[in-house]
Amino acid sequence: MQQIFKTILFNILFLLNMSELPDFFFTIQQPAFAEFKDRGSKFLAYAYPLTSKEQVKEYIAQLKKEHAKAVHHCFAYRLGMDKTEFRVSDDGEPSGTAGRPILRQIDSRQLTNVLIIVVRYFGGTLLGVPGLINAYKSAAALALQMVPIIQCPVLLQYELHFNYTAMNVVLLITKQYNCTIIQQDTQLFCYMKIGIPKARMSEVLFKLNDLPGIEVKTA
């Protein structure tokens with residue numbers, strides 16, 4: 001009983017800390033491509049759904065190999081449910097003319113977990129600061145117009161430890177509340193990591209903690 005009380009108290013405190021997060025976020029479901037031209041220069045914009053910053057290096061390396069003769073590979077990304085993690089790169093363009101305009105297109109649509117890389121082939125004519133800002137902004141905007149924006153629930157990760165006899169009930173709860181099973185190990189004593197939609201958190205935790213012989217803790 002004391003352990004159950006501690007678990008419930010911990011979950012309540014965790015929920016209070018998570019209360020500032022939204023219930024949903026907006027992102028893109030699949031990669032997209034668009035091209036913008038200005039006075040001979042070509043701006044090739046690639047938009048990608050992002051799950052970690054490690055993917056950024058992979059996508060940039062891929063495009064640098066594919067477009068080895070391009071003069072600039074500028075990018076911006078926004079990552080995380082609280083949208084605090086981001087990065088911009090002008091890759092040799094005048095400061096503030098590429099990465100920031102790209103990021104503003106991501107932010108103007110209230111997106112997160114999105115990366116946009118704009119590859120520039122120089123056309124022989126200098127565009128100036130206003131021209132560059134407009135080109136990178138327009139290329140990024142066009143790429144985002146090519147892909148549907150989707151609404152996804154914010155998932156909070158929890159670990160479950162329980163006896164195999166409770167498996168059917170646990171699976172029923174996860175299905176009923178649209179939880180995502182991230183990882184599981186099914187043996188005599190089972191382990192499961194799940195993502196619980198923040199909007200249904202209190203209901204799911206109540207149901208799980210009400211089961212006998214189950215341990216629930218944040219991942």
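The model is predicted, so local features need pLDDT of at least 70 and side-chain atom pairs count only at pLDDT 80 or more, while totals for chains, interfaces and linings use all residues. Residues are numbered from 1 along each chain as its sequence is written, and side-chain values use heavy atoms, with hydrogens and water left out.

## Overall form

The chain has six helices and eleven strands. Both are DSSP runs numbered from the N terminus: helices are H or I with at least four residues, strands are E with at least two. The radius of gyration is 23 Å, well over the 17 Å that the globule rule gives for 219 residues, so the chain is more spread out than a compact globule. That radius is taken over C-alpha atoms, and the rule is 2.2 Å times the number of residues to the power 0.38. Along the principal axes, the C-alpha atoms fill a box of roughly 75 × 30 × 25 Å.

Of the 219 residues, 46% are buried. Buried means under 20% relative accessible area, exposed over 50%, and partly exposed in between (1.4 Å probe, protein chains only). The accessible surface comes to about 12000 Å². Carbon and sulfur atoms hold 55% of that surface. Areas come from the Shrake-Rupley method with a 1.4 Å probe; for residues, only the protein chains shown count as cover.

Contact means heavy atoms within 4.5 Å. Among contacts in the chain with a separation of 6 or more, 71% join residues 24 or more positions apart.

## The largest pocket

The largest pocket has a volume of about 290 Å³. It is lined by 13 residues, and F25, M81, N113, P153 and L155 are the closest to its centre. The lining divides into seven nonpolar residues, six polar and no charged. Here Ala, Val, Leu, Ile, Met, Phe, Trp, Tyr, Cys and Pro count as nonpolar, Asp, Glu, Lys and Arg as charged, and the others, Gly among them, as polar.

A pocket is an open set of points on a 1 Å grid over the protein atoms alone, where a 1.4 Å probe fits, with protein on both sides within 12 Å along at least five of seven lines; lining residues have an atom within 4 Å of a point. Grid points are joined across faces, edges and corners, and the volume is the space filled by probe spheres set on the points.

## Helix α3

Helix α3 spans residues 99-108. Its buried residues are G99, P101, I102, L103, Q105 and I106. Their cover includes strands β4 (72-79), β5 (85-89) and β6 (114-121), along with helix α4 (128-145). Just after α3, Q110 takes a positive phi of about 60 degrees.

R120 is found in strand β6. R120 is buried, at 4% relative accessible area. Beyond its neighbours within four places in sequence, R120 contacts residues including S41, K42, F43, E93 and Y136. R120 and M146 are 26 residues apart in sequence and 19 Å apart in space, C-alpha to C-alpha.

H161 is found in strand β8 (residues 155-163). H161 is buried too, with a relative accessible area of 18%. Its contacts beyond four places in sequence include F189, C190, Y191 and E215.

T174 sits in helix α5 (residues 167-176). At 5% relative accessibility, T174 counts as buried. T174 touches C179, I181 and I194, leaving out residues up to four places away. T174 and I194 are 20 residues apart in sequence, with their C-alpha atoms 8.1 Å apart.

Most residues other than glycine have a negative phi.
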